[in-house]
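Colleague: Please take a close look at the surroundings of the ligand in this model. I would like one connected account of that part, and then of the chain that holds it.

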Amino acid sequence: MNLISKTRMFMPGPTPYLPEAMVQALVTPMHHRKEDFKELFRQVQAGLQQVFKTSNEVLILACSGSGGMEAAMVNTMAPGEKALLAVAGKFGERWIELADTYGIDKVVIQVPYGDSVEPAQIDAALDAHPDISAIFLQATETSTGAMMDLEGIAAQVRRRGDPVLVTDAITGLGTTPINTDEWGIDIVIGGSQKAFMLPPGVAMLSISERAWRRIEKCGRPRYYLDLRRERKAQAQGQSAYTPAVSIIQGLKSALDLILKMGVDGLVANAGLQAGATRAAILRWGMQIFPRVSGNAVTAFVPPAGVDPSKVMKMMRDRFGVLISGGQGSMKGKILRIGHLGYFDFLETLGMIGCLEIALTEAGASLETGSGCRAALEYYREFGKNR
Ligand SMILES: *Cc1c(COP(=O)(O)O)cnc(C)c1O
C-alpha cells in the first residue's frame, strides 16, 4: 500500500516537465510581435542550432511532432515524385500514411517490429531506384525502442549527393548522438514534448541548403505548413502565424538547462537511465525487445503468463508511475519505459523497485531487490567510465 503517491510519467512522451521553467513561462505575459519576444525567439533559434548540431536554420512550428513530419514531406515532395520510406514501427508507418495522403510515389523498406533499417538496405534501394528524391526515416522508433544507424545511412545517401535525407528525430534528439552537419542530414525534426521536457505543441525542423532548393522548387500548394513563408518570417525573429508563445518561453529555459550540461550530457543522462533499467530487466532474465536499442525508451518482453496491462495498472494505481504498453501489433506483448528528458537516477531506481513488485504480483518469479541491485551496480560502473 501507499498513503502518499505522486504521479510520475515514465512514458516516452509526454515526458516529465521542467517544473520551474514551465511555471515561469506560462505566467509571463508576452506579445509575439514585440521586440522582447523577437529577442527570445532568436535566442531559442540559436540554442536549437546547438542541440541539433547544425549551422542550418531551425524553424519553429506551432504543431505536434507529426505536423513537423507532414511539413517536411509536403514541402519537399511534389505529387508523383518518388520517396524512399524506411519503416521500423508505428511512427515509420506514419510516413506511409502521409505519402499515400499526398499522392507521393513510394518505395518502402519495412522491417519487422524490433528490427532497425540497415544502411545496406538503403544503399540497395537507392541503387534500384535512382529517381528517389528523398529518404524519410526515424532516428529512433519509439513504438519498439529500436535505433537506426543514422550515421551509416546518411553516408549511403551522401555518396549519391542529391537525395534529401529527412530524419524524424523526435525521440532521437537528446537521447542518441545526432550530428546533423557532420553526417549531412538535410532535415531533422524535433518535438517539444520529448527530450525538450516541455508540454506538446511545438515542432522544430533544421533544414539544409540542399533541402531548401527542393522546397523552393516543389510544385505543391501549401498553406499553414508552407516552410518558405516561415523561413522569411523567422529570419526576422517572428513566425508566419501566432507562435506557441508559452512553450517557446519554456523552450528558452529548457535550452539553458540543456546547454549548461551540454547536449552530450543530456544524451549521457538518458543513457544512464536506460542502462540502469536494462541492467535490471536482464538480471530478471527478461528480454529487451529491439535488436538495437536507443536510449529514448526501453521496450521489453515480460515473461510468459505475465499480462503487461496488469503491470501497467498496478504501476499506476499503486505507485503513481505511468509506463506504456505496446502499440499497433505489439499491443499486449511488450512494456515501454521512457528515459528521455527530465529524469534522474533516484527516480529511475525507484521506478525499477516498483516495477519489480508489479511484475512479481502479476506472476513473475523475481528475487526481491535484484533489479535495484543490478541498477546500482550499473550506476557505479557508469560513474567510473565518466
Ligand atoms: C512522439 C513522436 C512523434 C510525434 O508524435 P506527435 O504525437 O505528433 O507529437 C513522431 N515520431 C516519433 C518517433 C515520436 O516518438
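Modeller: Two helices, H3 (65-76) and H4 (90-101), each supply at least two residues of the shell around the ligand. H3 gives the most, with 3 residues. Bear in mind throughout that this is a predicted model. The shell has 14 residues, and those that come nearest to the ligand are Ser64, Ser66, Thr142, Asp168 and Lys194. By type, the shell divides into 8 polar, 3 charged and 3 nonpolar residues.

In the side chain of Asp168, an N or O atom is 2.6 Å from a nitrogen atom of the ligand. Lys194 places a polar side-chain atom 2.8 Å from an oxygen atom of the ligand. At Gly65 the backbone takes part: one of its polar atoms is 3.0 Å from a ligand oxygen. As for cover, the ligand taken alone exposes 380 Å², and the protein buries 87% of that area.

Now the chain around this site. The protein chain has 14 helices and 15 strands. Its radius of gyration is 21 Å, close to the 21 Å that the globule rule gives for 386 residues, so the chain is as compact as a globular protein of that length. The C-alpha trace spans about 60 × 55 × 40 Å along its principal axes. Of the 386 residues, 60% count as buried. Among contacts with a separation of 6 or more, 72% are between residues 24 or more positions apart. The chain exposes about 15,700 Å², of which carbon and sulfur atoms supply 53%.

Some details of the backbone are worth checking in the display. Gly13 and Pro14 are joined by a cis peptide bond, with omega at about -5°. Pro14 belongs to the loop between strand E1 (8-9) and helix H1 (19-27). Lys53 is not a glycine, yet has a positive phi of about 50°. This lysine, Lys53, sits in the loop between helix H2 (35-52) and strand E2 (57-61). With a relative accessible area of 31%, Lys53 is partly exposed. Met197, also not a glycine, has a positive phi of about 65°. The loop that holds Met197 runs between strand E9 (187-191) and strand E10 (203-207). Met197 has 0% relative accessibility, so it counts as buried.

Technical notes. Residues are numbered from 1 along each chain as its sequence is written. This is a predicted model: local features need pLDDT of at least 70, side-chain atom pairs count only at pLDDT 80 or more; totals for chains, interfaces and linings use all residues. Side-chain values use heavy atoms; hydrogens and water are left out. A residue is near a molecule or strand if one of its heavy atoms lies within 4 Å of it. A polar contact is a pair of N or O atoms within 3.5 Å; within protein, one must be able to donate a hydrogen and the other to accept it, and residues adjacent in sequence count only if both atoms are side-chain atoms. Accessible areas come from the Shrake-Rupley method with a 1.4 Å probe; for residues, only the protein chains shown count as cover. Helices (H or I, at least four residues) and strands (E, at least two) are DSSP runs, numbered from the N terminus. Ala, Val, Leu, Ile, Met, Phe, Trp, Tyr, Cys and Pro count as nonpolar, Asp, Glu, Lys and Arg as charged, and the others, Gly among them, as polar. The radius of gyration is taken over C-alpha atoms; the globule rule is 2.2 Å times the number of residues to the power 0.38. Buried means under 20% relative accessible area, exposed over 50%, partly exposed in between (1.4 Å probe, protein chains only). Contact means heavy atoms within 4.5 Å.
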